[in-house]
Amino acid sequence: MRSSAGFYLFVPRGYDEGVITQCGLQLLVCEDVTANMAKVAEARRSARASRSVALREIESDQAYEGQQDFLTLAARVAREGRLSRFVYVAKKSI
């Protein structure tokens, strides 16, 4: 369910930092933006709900409900700390 809206790659915490180092990059910034992910998912779900009649006509009832369920779940697991999103900034090592 939590990857039903496209391709998502789920990795354990710390994996990305190791891959960045293995690729010869220097990690400059690692920022946890999970709270933002939860806010955006909830805001998108609410915005879609306010336009549900039009979206159901465009998407179909089944697709609309699937997207709403995905956004609800994404917001919930982010708030619960079971799904995280990080931003990384790295530079090529000299």
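The lining of the largest pocket is made up of 14 nonpolar, four polar and seven charged residues (Ala, Val, Leu, Ile, Met, Phe, Trp, Tyr, Cys and Pro count as nonpolar, Asp, Glu, Lys and Arg as charged, the others, Gly among them, as polar). The model is a predicted one: local features need pLDDT of at least 70 and side-chain atom pairs pLDDT 80 or more, while totals for chains, interfaces and linings use all residues. Residues are numbered from 1 along each chain as its sequence is written, and side-chain values use heavy atoms, with hydrogens and water left out.

The largest pocket holds about 600 Å³ of space. Here a pocket is an open set of points on a 1 Å grid over the protein atoms alone, where a 1.4 Å probe fits, with protein on both sides within 12 Å along at least five of seven lines; lining residues have an atom within 4 Å of a point. The volume is the space filled by probe spheres set on the points, which are joined across faces, edges and corners. Of the 25 lining residues, Phe10, Met37, Leu83, Ser84 and Arg85 sit closest to the pocket centre. Helix 2 gives the largest share of the lining, five residues (helices are DSSP runs of H or I, at least four residues, numbered from the N terminus).

Threonine 34 belongs to helix 2. With 8% relative accessibility, threonine 34 is buried (under 20% relative accessible area, 1.4 Å probe, protein chains only). Leaving aside residues up to four places away in sequence, threonine 34 touches Ala78, Leu83, Ser84 and Arg85, contact meaning heavy atoms within 4.5 Å.

How values were computed
Helix = DSSP H or I, 4+ residues; strand = E, 2+ residues; numbered from the N terminus. Buried < 20%, exposed > 50% of the residue type's maximum accessible area, 1.4 Å probe, protein only.
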